[in-house]
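Q: I'm new to this structure and would like a close look at one part of it. Could you pick out a group of side chains that sit together and walk me through how they link up with the rest?

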Amino acid sequence: MGTSATSSGPPSGVSLVPPWVDDPEHYKPVEDEEASEDEGGRARDGPTRKPVQLARPYRFRTARTHLGRFGSSGDSGSLRSGLGHYARTGLGGSGWATRRLAGTARKAGRLYSSLDALSRGTEPPAYLDSEGLAGRPAREAVDFIADALSPSDGAQDSEVSRDSMSRAMCELLRRDPDVDLTALSAQQIELVTELFVAEDVCRRVELDVGKAVFEAAGDAAMAIRRLDEMYRYVSQVVGLAFRDRLSEAGRPTQEDVVRIAEAAIRQTFSVFESYLS
């Protein structure tokens, strides 16, 4: 899952959703069912933005306890409990987790629409310079696309997403070294997008609570194996949720992919929460 597991994760007392995540230009707020009526009981028009909610004290403590047990023993039950507490208490539930990863959904839409435009020979979005991309070796093309779709803005999320995009495209190159990133099939574009969403969710988990697994594993080699186990587990849940929805959408638009990714993220964290039932 990378080397970022030494991060201590976000502290308590801060907003569950950092201010840079909610971009009103690109993101439609999650509907707040509890706030869907006014004080007189009348339905409000449309979804409402949830108020800022501060993270609980010691928000990740229980998750880290269970994940530490997983790190030391490899017990799958401890892994599931850790992910359940991470979703429910650490991130505030699947709804807040979806908001926290809104940037992942937006960038999934960007990635899909950009690769789709390149494959069709149509003009890609303005943020991807197709002329600058032309003729680059595959590995340089990976970096060029990732830098264009997730440019550095000083936020950790942008850095993580750029790396996640790079890893997703590199995985496709690993599977098919002769692939042309400017002429992918529909199935290849769907795969890269799915891999990106799974990678970005996994990186978020790792950054927040991966240190507990790493420190409990005993030695570096075992820590890497445990983190890889957690990565595979999380990515399987994300991938299944994403594929189920994408397969129903035909050849989706960018906005379709954003909605599909949001729904897949919500389902993933709902699955994690269900481990505590």
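A: Let's start with a group of rings: F60, Y86, Y233, F269, F272 and Y275 form one aromatic cluster. Keep in mind that this is a predicted model. Counting ring pairs across the structure gives 5 aromatic pairs. One of them is F60 with Y86, a stacked pair with 5.6 Å from centre to centre and 25° between the planes. F60 sits in the segment before α1 (61-73) and Y86 in helix α2 (residues 76-90), so this pair ties together parts that are 26 residues apart in sequence.

The reach along the chain is 183 residues here, because Y86 lies in helix α2 while F269 lies in helix α10 (residues 254-274). Both Y86 and F269 are buried.

Now for helix α9 (residues 220-246), which is where S235 lies. S235 has 17% relative accessibility, so it counts as buried. Its side chain reaches the backbone oxygen of R232 at 3.0 Å. Setting aside neighbours within four places in sequence, S235 is in contact with A198 and C202.

E194 forms a salt bridge with R243, and the closest N and O atoms are 2.5 Å apart. E194 has 11% relative accessibility and so is buried, whereas R243, with a relative accessible area of 42%, is partly exposed.

R204 and D208 bring their closest N and O atoms to 3.1 Å from each other. They are 4 residues apart in helix α8, which means about one helical turn separates them. In general, an α-helix has 3.6 residues a turn, so residues three or four places apart point the same way. R204 and D208 are both buried. There is a network as well: salt bridges with shared partners join D163, R167, E199, R203 and E206.

That brings us to helix α7 (residues 156-175). Its 20 residues reach 29 Å from first C-alpha to last, close to the 28 Å expected at 1.5 Å a residue. The buried residues of α7 include V160, R162, M165, M169 and L172. Those buried residues pack against α3 (94-100), α4 (102-120), α6 (138-149) and α8 (186-216).

D147 is in helix α6 and R162 in helix α7, so to speak two distant parts of the chain, 15 residues apart. R162 counts as buried at 17% relative accessibility, while D147 is partly exposed at 43%. Altogether, the structure holds 19 salt bridges.

Note on methods. Residues are numbered from 1 along each chain as its sequence is written. This is a predicted model: local features need pLDDT of at least 70, side-chain atom pairs count only at pLDDT 80 or more; totals for chains, interfaces and linings use all residues. Side-chain values use heavy atoms; hydrogens and water are left out. The expected span of a helix is 1.5 Å times one less than its number of residues. Buried means under 20% relative accessible area, exposed over 50%, partly exposed in between (1.4 Å probe, protein chains only). Contact means heavy atoms within 4.5 Å. A polar contact is a pair of N or O atoms within 3.5 Å; within protein, one must be able to donate a hydrogen and the other to accept it, and residues adjacent in sequence count only if both atoms are side-chain atoms. Rings of Phe, Tyr and Trp (its six-membered ring) pair if their centres lie within 6.5 Å; planes under 30 degrees apart count as stacked, over 60 as edge-to-face and the rest as tilted. A salt bridge is a side-chain nitrogen of Lys or Arg within 4 Å of a carboxyl oxygen of Asp or Glu.
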